[in-house]
Amino acid sequence: MIKLYDKGVFLAGGTELCENEAELKQKTGIETTAEEAARGTMAYKIIKAHNKSDDMKHLKLRFDSLTSHDITYVGVIQTARASGLTEFPLPYVLTNCHNSLCAVGGTINEDDHKFALSAAHKFGGIYVPTNMANIHSYNRETMAGCGKMILGTDSHTRYGALGCMAVGEGGGELAKQLLNRTYDFTYPETIAIYLTGSPKPGVGPHDVVLSIIGAVYKNGYVKNKIMEFVGPGIAGLPIEYRNAIDVMTTETTCWSSIWMTDDETKSYFVNHMRPDDYKELKPETAAYYDGCVYVDLSKIECTIAMPMHPSNTYTIRELIENAADILHETEVNVNSQIVGARIDLMSKFRDGNIYVDQGEIAGCAGGTIDGIMAAADILKGQNCGNGTFTLSVYPGSMPAYYELVKNGAVTDLIAAGVIMRECFCGPCFGAGDCPANGEFSIRHTTRNFPNREGSKPGDGQLSAVALMDSRSIAATAANGGKLTAATDLDIEYTAPDHNYDASIYEKRVYNGWGRPEPEHELKFGPNIKDWPKMPALTEDLLVKVCSYIEDPVTTTDELIPSGETSSYRSNPEKLSEFALSKRDPEYASRSKVVRSYDRERIASGDIPAEIMKVYEQLEAAGLSCDPENTDIGSTIFAMSPGDGSAREQAASCQRVLGASANFAKSYATKRYRSNCINWGMVPFLISDPSILELGDYVFIPGIKKAILENTASINAYIIKKAGNVVKFETTTGDLTPDERQIITDGCLINYYKEH
């Protein structure tokens with residue numbers, strides 16, 4: 001059972017919920033206010049310790065360490081280099097867990113790995129070789145600590161179950177930290193995630209967290225807020241169970257997470273040879289939260305998130321009982337989102353059962369020792385069958401893999417027909433075990449967004465992914481692909497030992513933290529290119545709407561696809577060609593035309609005929625403009641862009657193509673809005689999307705002045721294709737002083753050069 005409170009709550013002694021001050025006083029004897037008790041949360045204390053300003057409402061945070069993987073670290077380092085980087089001022093972990101399939105893009109990917117190793121030498125970083133660990137397993141095992149804060153370029157940067165507040169952001173925010181700047185943010189609200197009861201045998205962490213996501217995602221209950229896990233239910237959860245719940249909090253669109261710590265947490269740090277990184281964390285006797293998600297773990301059932309979002313949740317029992325209706329509804333929703341191919345989910349329903357074609361247990365969510373051991377317990381002595389169904393398992397790290405080999409779990413899995421894979425994040429973003437056309441895959445991974453399984457609808461190929469816990473995936477495998485809840489089986493689950501062997505990393509990981517080698521040369525491959533120059537914002541701005549997206553939410557994967565495009569993520573010009581390619585294939589070509597207009601203006605002062613006509617229409621409407629001081633750029637409109645990945649390329653690719661702004665009704669995540677700002681694009685908000693159309697021009701006079709002065713309401717003018725001019729008001733929302741300057745300078749790189 002999950003219940004959302006419609007108002008704030010107090011927590012007494014870390015265990016009892018109180019709905020008002022009077023009830024709190026009765027239970028604790030403490031008389032306080034909500035404002036005072038809000039300082040009693042774990043989140044408040046950790047943030048205060050990392051805030052470099054005297055104002056707890058307007059934060060300036062410095063993190064304890066940074067982390068990136070091989071889709072993002074080249075861009076971060078290149079941005080910081082262009083801005084004056086000489087050495088890493090804090091530990092920076094560079095993992096190689098995303099682009100480790102060198103067959104995707106030939107040797108391009110391995111070139112980036114060698115670049116990262118050379119950067120670790122030159123600037124004093126930590127380099128984790130290919131397939132040694134996924135980014136989050138490594139950071140849990142070696143970097144997370146109670147009371148610490150970690151910033152990463154992967155959206156699933158979450159180590160809250162280890163008492164460490166972690167945040168996933170775009171590369172620009174890491175570049176700021178590398179240049180000794182701060183992460184500026186308005187203090188967020190904090191929501192209590194109150195756990196009580198104990199999960200039934202067979203109910204795993206994915207079942208718990210998918211149930212939470214299903215309850216809070218669509219209503220934005222925790223959007224850009226902190227999820228603080230409290231309550232008596234925590235004590236009964238093993239630490240890896242907690243980790244697997246925590247890493248998925250990203251899919252709620254929360255900003256960060258933190259958990260109470262206890263002896264279970266302490267044992268983790270002792271086992272990982274870092275006992276000093278443990279300390280007890282708990283709320284003060286009186287703590288106030290801006291809301292509460294009440295979770296009775298004993299009522300959680302085996303759960304499935306149907307395509308194509310982790311919030312499309314049903315219990316497996318409910319799905320099987322209503323298979324025809326739910327499969328049909330899902331099929332209609334999927335086919336309405338996708339252009340170029342169709343899925344037939346109804347064909348998976350046969351003889352009263354649902355059959356799936358593939359299973360995957362992988363990554364930071366599924367690749368834990370506990371999750372894989374549970375699958376091994378279910379599959380011991382069983383047979384996955386020799387039909388269509390296949391099951392692959394990707395451990396999260398080599399130390400975890402080593403332990404699974406020693407305790408016999410790998411033997412049991414292989415004997416049942418499971419394929420053991422390397423430590424690789426590919427199944428999470430479409431670069432590993434891509435299903436055949438029309439197949440249905442169940443996965444204990446992080447996301448099931450469109451094309452996250454690697455399909456190419458433009459080429460007529462589409463498959464579908466549902467998210468499930470490793471336990472129910474193994475139960476399904478034992479039944480040869482017939483969808484089965486783990487609670488339907490009578491299994492005696494073993495409690496796995498966590499015997500961490502640090503020597504596995506010591507023999508392969510290069511740790512240069514604190515020992516930069518300035519004379520060490522960076523090793524560039526032919527596909528690693530510098531960022532192109534970005535123009536500063538002019539006094540006025542003219543943009544053309546080159547894509548108009550009416551979907552309720554636009555994911556980062558739709559803004560810049562993952563998978564095969566990742567081979568070009570170190571080459572800004574080549575990667576930009578893929579911008580919106582799976583959602584609006586004509587966007588890049590439209591935007592490049594507009595980009596050519598501005599380049600022509602800058603190079604020769606000539607104004608193309610199409611733009612001259614726009615200026616004439618503005619003058620006819622009584623508006624004056626100065627072509628020499630008017631940037632000509634492209635823009636997109638999307639209802640709520642930026643859900644999902646933290647990859648800055650979702651914004652930087654638009655900027656490389658000449659974009660100067662985004663228009664949106666809201667931004668799905670803070671990190672995408674920050675990415676737009678750090679790449680010099682104005683994050684406009686509009687209340688009535690119907691005023692814009694594809695192909696419209698929008699003129700915003702005095703935009704530079706309005707940005708610098710943080711003007712609340714900005715006048716803008718739409719030049720319609722019919723020739724009429726429509727006035728409307730827009731806003732950027734609140735911008736920090738640094739953000740205003742970054743936008744007007746044209747991007748973060750320019751900002752550091754100028755200041």
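This is a short tour of a predicted model, stop by stop.

**Stop 1: the nonpolar core**

Select Tyr 92, Trp 255, Leu 379 and Val 698. These four touch the most other members of the largest nonpolar core, which has 188 residues. Now colour helix H14, residues 369-379. H14 gives this core its largest share, seven residues.

A second core sits apart from that one. It has 42 residues, among them Leu 542, Leu 575, Cys 653 and Leu 657. In general, nonpolar side chains tend to be buried together in soluble globular proteins.

Go back to Val 698 and show its contacts. Leaving aside residues up to four places away in sequence, Val 698 touches Leu 541, Leu 542, Val 543, Val 545, Phe 663, Leu 692, Ala 716, Tyr 717, Ile 718, Ile 719 and Phe 728.

**Stop 2: the hairpin of S33 and S34**

Select residues 714-719, strand S33, and residues 725-730, strand S34. The two strands run antiparallel and are joined by six bridges. Val 725 in S34 stands opposite Ile 719. Then look at the turn. Five residues lie between the strands, and Gly 723 has a positive phi near 105°.

**Stop 3: a covered strand**

Select residues 190-196. This is strand S11, and seven of its seven residues are buried. Show the side chains and look along the strand. Thr 190, Ala 192, Tyr 194 and Thr 196 point one way. Ile 191, Ile 193 and Leu 195 point the other way.

Which strands does S11 pair with? One is S12, residues 226-230, which runs parallel to S11 and is joined to it by five bridges. Within S12, Met 227 is the bridge partner of Ile 191. To trace the link, follow the chain from S11 through helix H8, residues 205-216, to S12; this β-α-β crossover is right-handed.

Another partner is S15, residues 291-296. S15 also runs parallel to S11, with six bridges between them. Look for Asp 296 in S15, opposite Thr 196.

**Stop 4: an enclosed helix and a lone charge**

Select residues 239-246, helix H9. Eight of its eight residues are buried, so H9 is largely enclosed by the rest of the structure. Charged residues are included: Glu 240, Arg 242 and Asp 246 are buried.

Next, pick Asp 370 in helix H14. What does Asp 370 touch? Beyond residues up to four places away in sequence, the contacts are Pro 238, Glu 240, Tyr 241, Arg 471, Pro 496 and His 498. Glu 240 and Tyr 241 belong to H9. Asp 370 is buried but has no salt bridge. Draw a distance to Arg 471, the nearest side chain of opposite charge: 5.8 Å.

**Stop 5: salt bridges**

How many salt bridges does the structure hold? There are 32. Side chains of opposite charge can pair when their charged atoms come close.

Start with Asp 112 and Arg 569. Their side chains meet in a salt bridge at 2.4 Å, N to O. Asp 112 is in helix H5 and Arg 569 is in the loop between helices H20 and H21, so the pair ties together parts that are 457 residues apart in sequence. Buried or exposed? Asp 112 is buried, at 1% relative accessibility. Arg 569 is buried too, at 6%.

Move to Glu 169 and Lys 670. Their closest N and O atoms are 2.7 Å apart, in another salt bridge. Glu 169 lies in the loop between strand S9 and helix H7, while Lys 670 lies in helix H25, 501 residues apart. Both residues are buried.

Now select Asp 277 and Arg 274. They also form a salt bridge, with closest N and O atoms 2.7 Å apart. Both are buried. Finally, select Glu 16, Glu 23 and Lys 27, which salt bridges with shared partners join into one network.

**Stop 6: a six-stranded sheet**

End with an open sheet. Its six strands follow the order S9-S8-S5-S6-S7-S25, with mixed pairing. Which strands are at the edges? They are S9 and S25, each pairing on one side only. Zoom in on S7, residues 126-128. Two bridges join S7 to S25, and these strands run antiparallel.

Methods. Residues are numbered from 1 along each chain as its sequence is written. This is a predicted model: local features need pLDDT of at least 70, side-chain atom pairs count only at pLDDT 80 or more; totals for chains, interfaces and linings use all residues. Side-chain values use heavy atoms; hydrogens and water are left out. A nonpolar core is a set of buried Ala, Val, Leu, Ile, Met, Phe, Trp, Tyr and Cys residues joined through side-chain atoms within 4.5 Å. Buried means under 20% relative accessible area, exposed over 50%, partly exposed in between (1.4 Å probe, protein chains only). Helices (H or I, at least four residues) and strands (E, at least two) are DSSP runs, numbered from the N terminus. Contact means heavy atoms within 4.5 Å. Two strands pair if DSSP finds at least two bridges between them. A crossover is right-handed if, with the strands pointing away from the viewer, the path from the first strand over the helix to the second runs clockwise. A salt bridge is a side-chain nitrogen of Lys or Arg within 4 Å of a carboxyl oxygen of Asp or Glu.
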